[in-house]
Amino acid sequence: MRAVVLASIDDMKAENTVEIDLAGKTSLADTMIVTSGRSDRHVGAIAERVIKDLKDKGFGNARVEGLPACDWVLIDAGDVLIHVFRPEVRGFYNLEKMWGADRPQDRAS
């Protein structure tokens, strides 16, 4: 599931993707992925692609919050939580700091 999400995010040219290991920190999920889109349209397109790819690969329907506004979209896929932000909203909430991850830590593709 993690690989599907990361491939979708990469294909959609998301920016500043950070992967946070949640194992042992919470029972919510094993992995949190935080990424940014350049605009609300880009955020929405990234989220829609992740949701579609997860469903197409047999991971079922993920729960989604924030899709209409597209400032911050949360996709709860069970073992993986995906946060897609506009950059200024991401900076305000700074989830990476809250969960103890360094930011930014761009993934090399």
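In which helix is Ile-46 found? Ile-46 is found in helix α2, and the legends below begin with this residue. The structure is a predicted model, in which local features need pLDDT of at least 70 and side-chain atom pairs count only at pLDDT 80 or more, whereas totals for chains, interfaces and linings use all residues. Residues are numbered from 1 along each chain as its sequence is written, and side-chain values use heavy atoms, with hydrogens and water left out.

**View 1. Ile-46 and its contacts.** With a relative accessibility of 0%, Ile-46 counts as buried (buried means under 20% relative accessible area, exposed over 50%, and partly exposed in between, with a 1.4 Å probe and protein chains only). Leaving aside residues up to four places away in sequence, Ile-46 touches Ile-9, Met-12, Ala-14, Ser-36, Gly-37 and Val-84, where contact means heavy atoms within 4.5 Å. The C-alpha atoms of Ile-46 and Trp-99 are separated by 23 Å, and these residues are 53 residues apart along the chain.

**View 2. The buried residues of helix α1.** Helix α1 covers residues 2-11, and its buried residues are Val-4, Val-5, Leu-6, Ser-8 and Ile-9; helices (H or I, at least four residues) and strands (E, at least two) are DSSP runs, numbered from the N terminus. Among the elements that cover these buried residues are β1 (15-21), β2 (31-36), α2 (40-56) and β5 (80-85). Helix α1 is followed by Lys-13, whose phi is positive, near 60 degrees.

View 3. Most residues other than glycine have a negative phi. Asn-16, which is not a glycine, has a positive phi of about 50 degrees; Asn-16 lies in strand β1 and is partly exposed, with a relative accessible area of 30%. Cys-70 also has a positive phi, near 65 degrees, but Cys-70 is found in the loop between β3 (63-65) and β4 (72-76) and is buried, with a relative accessible area of 10%.

View 4. The structure holds 3 aromatic pairs, and rings of Phe, Tyr and Trp (its six-membered ring) pair if their centres lie within 6.5 Å, with planes under 30 degrees apart counted as stacked, over 60 as edge-to-face and the rest as tilted. The ring centres of Trp-72 and Tyr-93 are 4.6 Å apart and their planes stand at 50 degrees, so this pair is tilted. The pair links distant parts of the chain, since Trp-72 is in strand β4 and Tyr-93 is in helix α3 (residues 87-93), 21 residues apart. Trp-72 is partly exposed at 27% relative accessibility, and Tyr-93 is partly exposed at 42%. Trp-72, Phe-85, Phe-92 and Tyr-93 form one aromatic cluster.
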